[in-house]
Amino acid sequence: MDTIISWGENLMTTEIYGGKSFADYLTLDALISLFGNTLAAVFIIVVGFVIAGFVSRRIHGIGENHASLDDTLFGFLGNIARYVVLAFTGLFVLNTFGVETTSVIAVIGAAGLAVGLALQGTLSNLAAGIMIVLFRPLKLGDFVEINDTVGNVKDITLNYTELANLTNVKVIVPNSEVWGNTIKNYSDYSKRRAQWTFGVGYGVNLNDAENVIRDTIMADARSHSDPEPFVQVNNLNSSSVDFLVRVWCDSDVYFQYQADMKRKVKEALDAADINIPFPTRTVVHRNPMLEVVQDDDNQRHAAE
């Protein structure tokens, strides 16, 4: 019994923090102070979350309310501002309880270094995400090709970029692969140049063929006359004379426009009775019975 009492007395007099023992914290004044500090900490946390949400929404709203500004960039800035406000909120809470924040920051820094070494891949995605947001090689809604994946950009986060491919399948690409690979952005420029190759027969009047191709394509409202369309003989194949055709159009109609012109030019050439050659192959079939008869005749003549 005396041992237990002695152990309890030692526990009560053991220094816990700031030169104060456990007994010092059990006094009425200490309990009232602790209760007040707890209420103050709860109040600071609530106010901190409210301010963080308000600041984040305001920054998000700047990008949403101005069409010339990038929503992705302001979404990223809004998230950063929210985390900064919450970090300061945590420091204020610690100060409320008398904790030295300098030592806490040092410990967090050391822990952050250890975590950073363990999560190098994740941090590379984070760094790449920051570069994507700052330099904006792509943005939401763009039609892009990244690492052989083609699709529309649905979301850009600090860790990954989300695409919807041509069959509307969700594709997640890590940001390190986005920033570290060639990005083809088909939506960034308002105009694109479509290109086709049309072959006609060697016996065709080339001027007539050129006029039919040019008139058919330029009759379409999607074709741009400026810059000047290019229609020239480009190659002499074994069975055809090839015309190379290049015409500018708006980027948002490029794919359908290119497909439509192939069909329209083919129908126009048929209507103008202009031959469109195609590869042919001649197959020679030998009759085994005829070869036997011919072989017998050859032997008979040799014997005579």
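Me: Two strands pair if DSSP finds at least two bridges between them. So what makes β8 and β10 a pair?

Reply: β8 and β10 (residues 241-250) share 10 bridges in the antiparallel sense, so they meet the cut-off of at least two. Along the way, Trp196 stands opposite Val245 in β10. Bear in mind that this is a predicted model, where local features need pLDDT of at least 70, side-chain atom pairs count only at pLDDT 80 or more, and totals for chains, interfaces and linings use all residues. Numbering starts from 1 along each chain as its sequence is written, and side-chain values use heavy atoms, leaving out hydrogens and water.

Me: What makes β8 and β9 edge strands?

Reply: The order in this open sheet is β8-β10-β9. β8 (191-200) and β9 (230-236) have a single partner strand each, so one side of each lacks a neighbour in the sheet.

Me: How do you know that α9 packs on the sheet?

Reply: Contact means heavy atoms within 4.5 Å, and helix α9 (residues 254-271) touches β8 and β10.

Me: Which residues of α9 are called buried, and why?

Reply: Buried means under 20% relative accessible area, exposed over 50%, and partly exposed in between (1.4 Å probe, protein chains only). Tyr254, Tyr257, Gln258, Met261, Val265, Ala268 and Leu269 are in the buried class. They span an arc of only 95° around the axis, so they sit on the same side of α9; that arc is taken over directions from the helix axis to the C-beta atoms. Facing away from that side are the exposed Arg263 and Ala271.

Me: What covers those buried residues?

Reply: The cover includes β8, α8 and β10.

Key
Helices (H or I, at least four residues) and strands (E, at least two) are DSSP runs, numbered from the N terminus. Axes are lines fitted to C-alpha atoms, for helices over the stretch in contact, and angles run from 0 to 180 degrees between N-to-C directions.
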